[in-house]
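Subject: Handover of a structure and what was found in it

Dear colleague,

Please find the structure below.

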Amino acid sequence: MRSPVIRARLKRFTEVTVPATLTNRAGHELPFFAQIRFEANILRRFQAKVGDTVISPALRPAGFQDPHPFGPLLQALLANRQTTAQDLAQGTGLSVSTVHGLRSGGRRPHRTSSDTSPRPLACRRRT
């Protein structure tokens with residue numbers, strides 16, 4: 001019996017790393033670092049960091065808002081506490097659709113919703 005021939009196709013790519021220093025109008029210097037990767041004519045990676053701020057590509061196409069980072073956090077807390085969106089809605093006084101929007105990252109949390117959420121999830125609020 002013959003062994004199957006496995007053919008691997010190597011992709012050609014170019015990756016560039018750019019370290020630099022940026023200066024603002026007041027003369028303050030900030031470190032700058034960028035990484036860019038192309039495969040053929042396709043941009044596969046772009047990430048830049050200015051000071052402590054990371055700039056990376058959007059998760060959604062132009063014209064659509066990226067999900068809010070509170071969504072995955074709330075989703076993980078709900079799963080960890082085995083709490084449903086309905087339970088959280090009842091405990092906070094928010095509507096179920098608002099909780100679903102917060103959980104998906106489609107809605108941005110307001111201070112009132114983030115202040116009332118720890119109680120039904122049995123979390124302690126940091127002061």
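A nonpolar core is a set of buried Ala, Val, Leu, Ile, Met, Phe, Trp, Tyr and Cys residues joined through side-chain atoms within 4.5 Å. Buried means under 20% relative accessible area, exposed means over 50%, and partly exposed lies in between (1.4 Å probe, protein chains only).

This is a predicted model, in which local features need pLDDT of at least 70 and side-chain atom pairs count only at pLDDT 80 or more, while totals for chains, interfaces and linings use all residues. Residues are numbered from 1 along each chain as its sequence is written, and side-chain values use heavy atoms, with hydrogens and water left out.

Overall arrangement

The protein contains four helices and four strands. These are DSSP runs, numbered from the N terminus: helices are H or I with at least four residues, and strands are E with at least two. Along the sequence they follow the pattern β-β-β-β-α-α-α-α. Of the 127 residues, 20% count as buried.

The largest nonpolar core

Which residues form the largest nonpolar core? There are eight: Phe70, Leu74, Leu78, Ala85, Leu88, Ala89, Val99 and Leu102. Two or more residues of this core come from each of α1 (70-80), α2 (85-92) and α3 (96-104). Leaving aside residues up to four places away in sequence, valine 99 touches Leu74, Ala85, Leu88, Ala89 and Leu94; contact here means heavy atoms within 4.5 Å.

An α-helix has 3.6 residues a turn, so residues three or four places apart point the same way. In α2, the buried residues are Ala85, Leu88, Ala89 and Thr92. They lie on the same side of α2 because they cover an arc of only 100° around the axis, the arc being that of the directions from the helix axis to the C-beta atoms. Gln86 and Gln90, on the other side of α2, are exposed.

In α3, Thr98, Val99, Gly101 and Leu102 are buried. Their arc around the axis is only 160°, so they too are on the same side of α3. Ser97 and Ser104 are exposed on the other side of α3.

How α2 packs against α3

Two packed helices are described by the angle between their axes and the distance between the axes. For α2 and α3 the angle is about 115° and the axes are 8 Å apart. Axes are lines fitted to C-alpha atoms, for helices over the stretch in contact, and angles run from 0 to 180 degrees between N-to-C directions. Ala85, Gln86, Leu88 and Ala89 of α2 make the contact with Val96, Val99, His100 and Arg103 of α3.

Two glutamines

Is glutamine 35 buried or exposed? Glutamine 35 counts as buried because its relative accessibility is 16%. Glutamine 35 is found in strand β2 (residues 29-39). Not counting residues up to four places away in sequence, glutamine 35 touches Glu15, Val16, Thr17, Arg45, Phe46 and Gln47.

Glutamine 82 is found in the loop between α1 and α2. With a relative accessible area of 74%, glutamine 82 is exposed. Although it is not a glycine, glutamine 82 has a positive phi of about 50°.

Yours sincerely
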